[in-house]
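Subject: Structure for you to look at

Hello,

Here is the structure I said I would pass on. Please open it first; my notes follow below.

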Amino acid sequence: MKSVASAPGKVILFGEHFVVYGVRAILCAIDKRITATSQLLDERKIRVRSEIGSVELDLDSSSNLGSITSFMKLFLYIARETLKEFNEEKGVEIVLESEIPAGIGLGSSSAACVAATASVAGLFEKKSKEEILKKAIESERIIFEDASGADSSVSAFGGLIAYSKDGVEKIDFKNNLSLIIANSKQVHNTREVVSRVREFKNKNEKLFSEMCEQESKLVENALLSLKRNDLRNLGLLMSKNQEMLEKISVSTEKIDRLIEMASKMSYGAKITGAGGGGCIISLVDQSNVVGTLENLEKVSDCFVAKIDYEGLRYL
Ligand code: MEV
């Protein structure tokens with residue numbers, strides 16, 4: 001028997017980095033998914049295969065997860081813990097297939113984590129989104145201790161959410177939000193960028209805490225703008241958020257250029273995710289989508305993303 005589950009990637013509309021220090025962030029799941037297919041193996045092994053690499057663990061040998069440095073160890077951990085939970089003596093294989101490019105801030109690792117957790121657990125029972133999310137965040141933190149849990153939460157629930165370490169609020173937004181995602185093609189490592197921001201915070205405690213307050217206000221305003229479907233104001237707030245991200249040095253020259261091109265016609269543009277490369281998002285509607293795409297296509301690969309309202313899906 002095979003167990004298949006898929007989960008969407010995400011963009012962060014407001015609050016990346018500051019969310020790690022308790023500020024609320026606003027996230028949106030997008031229509032690009034990762035699918036995980038699991039099946040039990042007679043041999044006592046865990047095997048994980050994906051386009052970006054493969055990894056294997058012999059459950060009977062003395063080698064343990066600690067010796068594995070690749071980020072793929074996350075999936076070995078998910079599989080091993082699930083086998084233990086259900087007292088299963090067999091091994092398991094997980095195959096990951098992705099529509100979300102890795103390392104560009106679109107939440108591919110969190111989506112993979114949510115999909116893999118649901119797919120392996122689904123060999124035994126179909127768990128709720130809440131239960132899967134709890135396990136996925138716990139697993140993600142074995143490789144990335146500082147992960148806020150925001151990316152996995154929006155991937156599990158879909159739609160738009162406001163996320164803080166205190167929990168998830170689903171945002172009741174049923175309009176069509178059109179975002180253009182443009183790729184800087186600079187691959188980043190979220191963990192490294194997050195730890196650089198921690199250094200910045202440690203050196204500038206007072207400034208950083210003022211910035212957290214400003215970001216919180218920005219997020220409150222953004223929630224009001226979403227309620228009123230006020231794209232113009234939402235875009236302005238996105239551009240203000242970009243200025244904050246520039247102040248904490250997570251922008252790059254390439255990103256600045258993309259922001260400049262996107263800002264010519266869209267309502268607003270900013271980094272999405274950790275920065276240090278990765279992608280930007282710009283907010284558009286029918287009146288400016290074509291013009292913004294034309295401007296961005298001169299300097300990058302880009303596409304229009306829509307909201308995924310479903311989140312985690314069992315197939
Ligand atoms: C990464 O997509 C978002 C960050 O805020 C890190 C996190 O929330 O775990 C940079």
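What share of the contacts in the protein with a separation of 6 or more comes from residues 24 or more positions apart? The share is 73%. Please keep in mind that this is a predicted model.

Overall build

The protein has nine helices and twelve strands. Its radius of gyration is 20 Å, close to the 20 Å that the globule rule gives for 315 residues, so the protein is as compact as a globular protein of that length. The C-alpha trace spans about 60 × 45 × 35 Å along its principal axes.

Burial, surface and charge

Of the 315 residues, 56% are buried. The accessible surface amounts to about 13900 Å², and carbon and sulfur atoms hold 46% of that surface. As for charge, there are 42 positive and 45 negative side chains. The centres of these two sets lie 2 Å apart.

Aromatic pairs

Five aromatic pairs occur in the structure. One of them joins Phe18 and Phe208, whose rings are stacked, at 5.6 Å centre to centre and with 25 degrees between the planes. Phe18 sits in the loop between β1 (2–14) and β2 (25–41), while Phe208 belongs to helix α6 (residues 205–227), so this pair ties together parts that are 190 residues apart in sequence. Phe18 is buried, at 0% relative accessibility. Phe208 is buried too, with a relative accessible area of 2%.

Another pair is made by Phe86 and Phe124: the ring centres are 4.5 Å apart and the planes are at 10 degrees, which is under the 30 degrees used as the limit, so the pair counts as stacked. Phe86 is found in the loop between α1 (73–85) and β5 (91–98), and Phe124 in the loop between α2 (108–121) and α3 (129–143), so the parts tied together here are 38 residues apart in sequence.

Regards

Key:
Residues are numbered from 1 along each chain as its sequence is written. This is a predicted model: local features need pLDDT of at least 70, side-chain atom pairs count only at pLDDT 80 or more; totals for chains, interfaces and linings use all residues. Side-chain values use heavy atoms; hydrogens and water are left out. Helices (H or I, at least four residues) and strands (E, at least two) are DSSP runs, numbered from the N terminus. The radius of gyration is taken over C-alpha atoms; the globule rule is 2.2 Å times the number of residues to the power 0.38. Buried means under 20% relative accessible area, exposed over 50%, partly exposed in between (1.4 Å probe, protein chains only). Contact means heavy atoms within 4.5 Å. Accessible areas come from the Shrake-Rupley method with a 1.4 Å probe; for residues, only the protein chains shown count as cover. Lys and Arg count as positive and Asp and Glu as negative; His and the chain ends are not counted. The place of a charge is taken as NZ of Lys, CZ of Arg, CG of Asp or CD of Glu. Rings of Phe, Tyr and Trp (its six-membered ring) pair if their centres lie within 6.5 Å; planes under 30 degrees apart count as stacked, over 60 as edge-to-face and the rest as tilted.
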